[in-house]
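Please load the model in your viewer and keep the sequence panel open. The stops below can be selected one after another.

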Amino acid sequence: MARDVGNTALSEDLVQQEIGHEQQFVDRVYVQLEESARAAQELAAEGQARGRLGHEGGLVERDAMVFQAARRIAQLDAAHEGLVFGRLDMNPELDPEPRYIGRIGLRDANRDSLLIDWRAPAAAVFYQATAAEPQRVVRRRVLRNEGRTVVGVEDELLDDAAWPGEAELPIIGEGALMAQLSRARDRTMHSIVATIQAEQDKAIRAPAKGVVSISGGPGVGKTVVALHRAAYLLYTDRRKYETGGVLVVGPSGVFMNYIARVLPSLGETAVALRSLGEVVDGVRATRHDEPAVAEIKGSARMAEVLRRTARQQVPGSPTEFRIFYRDDVLTLNQGKLSQLRRQLMGGGRRNQQIRRVPQALLDALWRQVRGERGRERGKEAFEDEMLDNATFLDFVHAWWPPLEARTVLGWLVEPELLARVSDGILASDEQALLVKSWGSSGPAGLDLSIDDIPLLDELRYAIGDVPEAAVDERDEELGINVAELMTASDREFATGPGWRPPSYRIDDDPFAHVLVDEAQDLTPMQWRMVGRRGRTASWTIVGDPAQSSWPIPAEAAEARATALEGKVVHEFHLSTNYRNSAEIYEYAAAYAARVGLDADLPTAVRSTGEPPVELVDVPDLEAAVRAEVVRLAGAVSGTVGIVVSVARRGEVNGWLASWPEVAAHAPGAVAAARDAQSVPSGEDRIVVLTGLDTKGLEFDAIVVVRPQEIEDESPTGRATLYVVLTRATQLLTTIS
């Protein structure tokens, strides 16, 4: 029987009563969580005790028990925030008990289900049920929590006719989705599993194999859907994805900090979160090159330039070798050494040939032995004598040293070498821009940019990993010891600041699933880099072509197709803008139409009555920015972003640090002012960012400083400015 629920929704006493009921259940769940944690700790202690039994069986049991306990403890620790977020009241004649949905699954002391993991099949209806197809759900309730405290509930009545009897079913609030949308944004994206709608859920639970491509305009929830898909895959086939690993690649360190808590809050910690400047093990870059330089480094043409570079003779290495043996003078001139180098390079990657080098040189020298005394002793005696000869060994080490990719990239600071390897590929002015970007320092001094990281990876694959020290008998006979061959600079780089031991060799296939966010921004070289890490993986790819910062879409599309070659693609399109108010998105959409962007325009479902503010021809830019920041910070409870061109960031950071009325809201501003490239603190409420830094982020309010400068600073500046205009959830000001 349908009933009028309007009065119940307006009763404050009823709201508090319902919150109190839910608080009792949440308290019960946290008690069980703590009990489960104690049980896991006891299991770990018991496992350690098994290891002291004095036999191998005890050690095996110890390892298994400690591993399982540690994994459960990590899962329980990660689940504390927002542990219980949903409730389903089903048709009581079919399912009399409410289902509570949470970050993880928990059972009570009787082993009955207390909390359903949000990824479990039994929880799917929480996202899939609609008023048109309620799937036996009468009421869907979302619990809003602060720590362990329930602070609000929001209900949706899906099928009141399925509720028997005359008793009213309370319906509280304006609906879960609208409540979530009106919440203030802080510097960390909160998991919004409770508001995922049916079209999003289809993408989350899509087939595990192949590629899931999620497209849609700004604010449709692409990132959140993709991250929840990663968590869902881990849940459905944990052994596969924990063993192989899940790689999440985002556009910047700022963005990765922003999303860092999403998967851990869902109980998932077996995920590698890396910005494009951190994909290569042991290396981290945080700055972007100027657009003109980034376009060259990102182009697919660089792959051939780097392939040629990897085959060059090591700069400064000897070009000939001469040694006296018995009655003969043995010589390897430049031509012969070049021939030997080509032969060795034909057998595989450069570093992989290190073990073959001494023998190849010995064979070439032995063929020159003509004297009777030398021939009578035989080749084996000749090799033994050469391998004891310091002159020969020094030559081997100098002519074919183990190489790190960073060292080889450093060769390109020499204009002559760069001109030789890029002949017919790069124009002279492009070569000059590259040399300028790297400066005149040696390899160890290269200030790597985000755009350099794919080049480093390309070289790493071209030259191969440095092999482990020789272990077989013949290697020992030849005297090969990679540790001895390492130069001082090689060793310094290998163990320098920021270094991490490589987690895999280049011929490994390290990840079972690869998730790429803001995929429209990847350059061809970045697609090659990410593609190597997912050759046999399943993929989730998120993007919107209209927001692309790469100026040659066809080239990037070809590189993407190569990275995904042979994989079936499942396409999903999201069409509802949950982020922006209708007023803000209409403003951004009008800009996109005015400048000719072929933008995907989702429907904005929320209105605030606050149109964007445009300030033009301001006489004092700093004063105008300051006044707007103060106004917006007072009007919203969440974050305020000040978006500027790259050239203006340091200046505006300095302004922010000098404004006492806003400094309390931006504790990282003073540090950021000292370094214009600083990544803002996760605690800052007011931050200064460039247009590219805002990719994937959202703020309660945005101040865009001199939008024309953002538009003019790169060939894709219009797309970047469109992105900036879609970052605000409540208020937007532009100052021209």
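Predicted model: local features only at pLDDT ≥ 70, side-chain atom pairs only at ≥ 80, totals over all residues.

Residues are numbered from 1 along each chain as its sequence is written, and side-chain values use heavy atoms, with hydrogens and water left out.

**The sheet.** Helices (H or I, at least four residues) and strands (E, at least two) are DSSP runs, numbered from the N terminus. Select the six strands that make an open sheet of mixed pairing, in the order S3-S4-S2-S1-S5-S6. Strands S3 (106-107) and S6 (149-157) are the edges, each pairing on one side only. Two strands pair if DSSP finds at least two bridges between them; S1 (residues 84-90) and S2 (residues 99-102) have four, in the antiparallel sense. Next, show arginine 87, which stands opposite tyrosine 100 in S2.

**Ring pairs.** Rings of Phe, Tyr and Trp (its six-membered ring) pair if their centres lie within 6.5 Å; planes under 30 degrees apart count as stacked, over 60 as edge-to-face and the rest as tilted. The structure has 10 aromatic pairs. Phenylalanine 25 belongs to helix H2 (residues 12-50) and lies 75 residues from tyrosine 100. Buried means under 20% relative accessible area, exposed over 50%, partly exposed in between (1.4 Å probe, protein chains only). Phenylalanine 25 is buried at 11%, and tyrosine 100 is buried at 7%.

Move to phenylalanine 395 and tryptophan 399, whose centres are 6.1 Å apart with planes at 10°, so they too are stacked. These residues are four apart in helix H16 (residues 390-399), about one helical turn. Ring pairs join Phe321, Phe392, Phe395, Trp399 and Trp400 into a cluster.

**Charges over rings.** A charge sits over a ring if NZ of Lys or CZ of Arg is within 6 Å of the ring centre and within 35 degrees of the ring normal. Select arginine 350: its charged end is over the ring of tryptophan 400, 5.0 Å from the centre. Arginine 532 lies over the face of tyrosine 461, at 4.7 Å.

**Two helices.** In helix H14 (residues 357-366), nine of the 10 residues are buried, including Pro358, Gln359 and Trp366. Finish at alanine 563 in helix H25 (residues 553-563). Leaving aside neighbours within four places in sequence, alanine 563 is in contact (heavy atoms within 4.5 Å) with Trp527, Gly531 and Trp539.
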